[in-house]
Amino acid sequence: MPLPKESTVLIVGAGPAGLAAALSLIHHGCRDFVIVDAVVEGLNVSRAITVHSATVEALTSINAADGLLSRAIKGKGVRITSRKSQLFEGKFDPLKKYSAHPYTLLLPQNVTELVLVQKLQSLGVRVQRPHRVIGMQQNEKDPRITDVSFEDGQVMRARYIIGADGAHSIIRTIAGIGFSNPEGSKPSNNLLNQMVTADVTFEPEPVGPLTIEGHINSTVFSGNVFMLVPFGNRFNDELTRDGKPITKPIFRIACAMPVKNGESLHAPPKEYIQDLIDKCGPACISSDLSLNPTPVKIDQLIWSGCFKTYPAIADRTFTRLGAAIFLVGDAAHIHSTAGGQGMNLGIRDAIFLSEAVSRHIRASAENPDVDDTILRQIAEARQARSLETLGFTNSVLKIESLTYDTFTWWIPFSLGSFRDAMLRLLGKFDFVQSEVAWGLSGLGRR
Ligand SMILES: Cc1cc2nc3c(=O)[nH]c(=O)nc-3n(C[C@H](O)[C@H](O)[C@H](O)COP(=O)(O)OP(=O)(O)OC[C@H]3O[C@@H](n4cnc5c(N)ncnc54)[C@H](O)[C@@H]3O)c2cc1C
């Protein structure tokens, strides 16, 4: 389908950040925008599963949270366990002192995107696909306009460009914005930077508290962290592949592991995932009778993937190349998956930035010579949030990555066992549980 020749705003990328930007522009009275994406269909691999309180509040502020609130599981807390017993629970309930949404919404990222796309369609906007941006240059006649070129030869003029085009952002590259880890070079391969993730059903159905909807369960064992999130039957339709109906409850599992232990396959097979569960997962989903009195095995492997994440932040998130150019979401920052913050921060970037863009558009209509103060201020504020979030996720990652390697044979003590003992002890105090919930919620880093 042909694209319009010009638009005030062009949003590049229709992942969660791009979709949130579009919804925020509409809410703030800007309808003169186009949102494009390079691929024919929205994502059907699912990465993020959490939408935290601060993000629900931001979405509520633009009247875009209802769909997620009605579709998602309201997560009550985060449990940290050994293979057989609980070490710690961070409960979200105490957040009600600070937020009308004292929970974390649990839902697969593809469902989050679907809900946001449906909201956009209900407001009369469609994502234009497939249109891949391949170039940008300042317009020869108007120094405040950029000509954006697409793979299929089309060219669109825009005054504002929101780069929501993910980790390998072409907008960032063409704008000449650096992207690196502010803490220095590539992080150690001892950290849990690799995550194998899958959606599975079991036969027979597993039993026990960890298998009931409402919690994120993280098992620390053997230098890995294994996550189990029961989805029940709530997302069976959206997670179905190849038309094969799924009738059993679906479980999202994920295992964070260090790259030094070997790189996993891009789409690990059922046997690999079963082996991972049996080696590192909680007892209740193990097929090993010595660990689990009611052993279970994977029945259906619905989907699997392996992701490596290395933290990086763009040197700046606003520049001019004729048009005002912004980066939001993974184009602007990549965090470790620890604490589930990346998509959340990206959605909030997009909502707040688009409000500022709408204000700037109105200010320019009154005074064509208006300067970029509004735009610079919001870009700096988002950059600060990004650095704070990186600090938070790096701390969680370092704690998660502690191993059970003992110092020497005569000091039979490891940092991993010290962490577990501290978790058991600190978990008894309400204020520690609340602190953990507060950190995850993002309410202190809106
Ligand atoms: C295993 C894993 C688990 C995670 N879990 C969580 C979690 O629980 N909570 C959380 O908050 N975050 C989580 N994240 C992070 C989260 O998935 C990302 O932060 C999020 O997807 C970023 O959204 P985005 O819209 O910025 O980018 P993307 O989702 O990458 O979307 C970018 C879009 O831009 C399009 N595009 C790219 N190039 C072009 C181009 N040249 N022209 C046009 N379109 C283009 C792409 O097709 C794509 O649709 C997780 C990540 C991983 C890997």
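This is a predicted model: local features need pLDDT of at least 70, side-chain atom pairs count only at pLDDT 80 or more; totals for chains, interfaces and linings use all residues.
Helix 8 itself runs over residues 342–366. From its first C-alpha to its last, this 25-residue helix reaches 37 Å, close to the 36 Å expected at 1.5 Å a residue. Much of helix 8 is tucked away, too: 18 of its 25 residues are buried, leaving the helix mostly covered.

Stepping back to the whole protein chain, there are two domains: domain 1 (6–72 + 107–184 + 311–398) and domain 2 (194–308). Their centres, taken over C-alpha atoms, are 32 Å apart. Where the two meet, 9 residues of domain 1 are in contact with 10 residues of domain 2.

Next come the strands. Strand 19 (residues 323–327) has 5 of its 5 residues buried, so the rest of the structure largely encloses it. Ala323, Ile325 and Leu327 point one way from strand 19, while Ala324 and Phe326 point the other way, and all are buried. Strand 10 (residues 155–163) runs parallel to strand 19 and is joined to it by 4 bridges; here Ile162 has Phe326 as its bridge partner. Strand 18 (residues 318–321) is also joined to strand 19 by 4 bridges, but this pair runs antiparallel, with Arg320 standing opposite Ala324. Strands 18 and 19 form a hairpin with 1 residue between them, and Gly322 in the turn has a positive phi of about 85°.

Elsewhere, 3 strands make up an open sheet in the order 11-17-20, with antiparallel pairing. Strand 11 (179–180) and strand 20 (333–334) sit at the edges with a single partner strand each, so one side of each has no neighbour in the sheet. Strand 11 is joined to strand 17 (residues 312–314) by 2 bridges, and Ser180 has Ile313 of strand 17 as its bridge partner.

Key. Residues are numbered from 1 along each chain as its sequence is written. The expected span of a helix is 1.5 Å times one less than its number of residues. A residue is buried if 20 or more other C-beta atoms lie within 10 Å of its own, exposed if 12 or fewer, and partly exposed in between; C-beta atoms are placed from the backbone. Domain bounds come from an automatic or database domain assignment. Two residues are in contact if their C-beta atoms, placed from the backbone, lie within 7 Å. Two strands pair if DSSP finds at least two bridges between them.
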